[in-house]
Amino acid sequence: MSSYVITIGTIIVIQAIAVCGLNVIVGYAGQISLGHAAFFGIGAYSAAILTTKAGFSFWTALPLVIGMSGFIGLLLGLPSIRVREDFLAITTIGINFIVEAVFRYVQFFGGALGIGGIPRIVLFGIKLKGITFFLLCLGFLIVVLFICWWFTRSWASLACYAIREEETAASTMGISPVRFKLLAFVIGTAMAGLGGSLYAHYMQFISAGDFSFPVSVAFLSMLVLGGMGTLWGPVVGTLILGVLPEVFRPLVDYRIFFYTLLLLLMIRFQPGGILGEGSVVRRILAPILKGGRA
Amino acid sequence: MIQPLLSTKGVSKCFGGLKAVDGVDFDVFPGEILGILGPNGAGKTVLFNLISGIYQPTAGKVYFHNDRIDGLPPHLVARKGIGRTFQIVRPFATLTVLQNLLVARGITRYGHLSKVWGSWGSQSEIKAAMEVLEKVGLTELAHRKAGLLPLGNLRRLEIARALVVGHTLLLLDESFSGLRHEEILHLEALIQKIRGDGRTVILIEHNMRVAMGLCERIVVLDHGQKIAEGPPSIIQQNEQVIEAYLGRKGITYAA
Amino acid sequence: MRLFIEQLLNGIAMGSIYALVTLGLALVYGIMRILHVAHAAVFTIGAYAGLFLFQLTGSLIVAFLGSMACCALLGVMIERFVYFPLMKYPPYVPLIGSIAVMLSIEEVCRLVAGPYILTFPAKLPFPDVYLGGIQISSTLIAVYSITAAVLLVLWYITTHTELGLAMRATSQDISISGAMGINSHVIITLTFVMGSAIAAIAGMLVGIYYNQVYPTMGTVPAYKTLALIVVGGLGSVPGAVIASMLLGTAETLLIGYANIPLPRDALAFIAMIGVLMWRSEGLLGSSR
């Protein structure tokens, strides 16, 4: 495999991890978030600081990074979740802008220069790069997908679905909306933190702009495109939106235009996503899937 | 003297300047079917929302098993053992009928984060849920998406969701409205059966014939105030009630 | 003191422009409950259309009217072809649609007019004014007077005409207004016409005021105005205007004058979160 393919593949897998986290928040619990890049950034910055300034290795820092992302997700989720649905979209946009501004203007986070010199991940004495790093990321993606699958089978997911569908009815069945929305927020932001950490160690240099609002829009677009609330939707969506710009590369100047146009057409005519309920792909695949199960 | 299961003491709710519920006192005794009647806008649904914690009362108290439950959020009221249905049905539309029921059956787990990680798809859970579905007559539709069901089935699904273990009091908000004649008969039988299981039922009803046939006692609300209380035969003769109803709407004897 | 007053005047101008953009957002939210992010792209198109017409005809009046017509059409098209068919889905669907429209329009601008900053060499038909030694430039006067005129007209329409009454009824409850014999789709269309025409004015004013027109000029307003309608109280037009004025002034004074190194674009959101914690329904919002 050429290094070009491996680079694109690695970025796609890392983003898919973050988008899986977004799926827990938006897809399972129905809480719109347009600030997911902020938590991706919190993961990346905490990994960068712990490994460059505090002398941690990737592995010793990892639990702290995931814990930190989840904890900040909890702190920022608390006020967001108490506001009305329409406010939530705007509040999460606000969180993204504020977190990005903190990275950019606070010296501790490297200011406008960002943080460089982030070490490579070492596993069994080997510095991971290229294909080995890709495989590590893939391993983490599989773990994340497994957690998502496990989550969808749990009572916690049932409570989240109920809140997504009908919050008032859910609350009259003993489900505390705040508790389960926060739970989804913590799981989702922790996954974003994991993705961010891998991103920091892959790029070895990060700056505030990597975690700006358009990145959140891209994450949400990937999720919507793939099909929110489905297990494989985040992976499919990330793959398509990750590969498309490369496919469109011959279009040079028109590349981004076609990309945005495709997103618009997708949301306009297939708002459930590629793997969503009643989508074209689902309808085509339905006989095959049913046949497989029977 | 028998202790009431639920009692309200001077419970009131204002929206802006409007008193939707105005100082209502009533008791429900274990094992009875109590009807709440009144013309449109009398405050019946608001009263249910006050009991189930969706609204907080502006004044007054609500006791359940001698505990104060006013001021509690809905999920805590539910965990005390009060289930309810909604006049405008609120199914979990993209979940299946069975999953809708399982959500309700999780009530004993949602209070403890350590208990919510098990699988909802275990044999025993599904079997227990299917038994409830059988009771309300939805067995065949168990794997349909709830959002695709007709109204009559949704009303039964809502009752099934309220029928979980530990719910001693059910609040049924106009469960009969929009149903066909045979569906009404079916539902009347179901409610009798529920009461036979030792549960207490409060139902809001517009259809006088149904209310008179099912309820042992009736409370009549008008303009947010209780204007009458008693067994159906007495309520039917009450002049204030007749005026409140006939004055604007006429009593619906039609089934 | 003089510097302060000059900065204050600039701040009010900034606030006026925010107000003109935010207005449209508040109107659309009030009536459709949609976060119309693409409104900022309409604003960008307004600046480009105005610049193009001005270069073509040399007349500012033609440029203003033509740009307003252009944007009104664009706004209605967005509503018809994107929002209306997506109304039945959860709110995030039209929101993402709106973001996609906005990115697409930005790209169209970049492809058609090029990625560079164009200048808007308009000379306004009135002179600068000197008041007690302080110069008030003709562009500032234009911003003030046009904003005031727009607000007055809008106030008159919403309070003194049947259209305004119908708009208020529709924003209360679309289904009830339908029962009252109001054709709510006509009202929605007219709302987009008004909001978009006002955005065109704002786009041209920004172009003339800063002498700059470029493809991404709508990006920052797109999200900042979202914060502003929250601060004002979602759907409240007076609230949106007040919030815009306050923010424009605060931004200019705090960052330009007092030299506090605050990230300018995050200030709106910091204010928003502050207001939400203090009054969860916004400055003039009604609690529902």
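Two residues are in contact if their C-beta atoms, placed from the backbone, lie within 7 Å. This is a predicted model, in which local features need pLDDT of at least 70, side-chain atom pairs count only at pLDDT 80 or more, and totals for chains, interfaces and linings use all residues. Residues are numbered from 1 along each chain as its sequence is written, with chains lettered from A and ligands numbered from 1 in the order in which they are written.

**View 1. Contacts and burial in chain B.** Of the contacts in chain B with a separation of 6 or more, 67% are between residues 24 or more positions apart. Buried residues (20 or more other C-beta atoms within 10 Å of their own, C-beta atoms being placed from the backbone) make up 46% of the 255 residues in chain B.

**View 2. Elements and extent of chain B.** Chain B has nine helices and 10 strands; these are DSSP runs (helices H or I, at least four residues; strands E, at least two), numbered from the N terminus. The C-alpha trace of chain B spans about 55 × 40 × 40 Å along its principal axes.

**View 3. The side of chain C that touches chain A.** Here 36 residues of chain C are in contact with 31 residues of chain A. α4(C) gives the most to this side of chain C, with 13 residues. The residues on this side divide into 30 nonpolar, three polar and three charged, where Ala, Val, Leu, Ile, Met, Phe, Trp, Tyr, Cys and Pro count as nonpolar, Asp, Glu, Lys and Arg as charged, and the others, Gly among them, as polar.

**View 4. Chains B and C.** No contact joins chain B and chain C. Their closest C-alpha atoms lie 10 Å apart.

Key
Buried ≥ 20, exposed ≤ 12 C-beta atoms within 10 Å, placed from the backbone.
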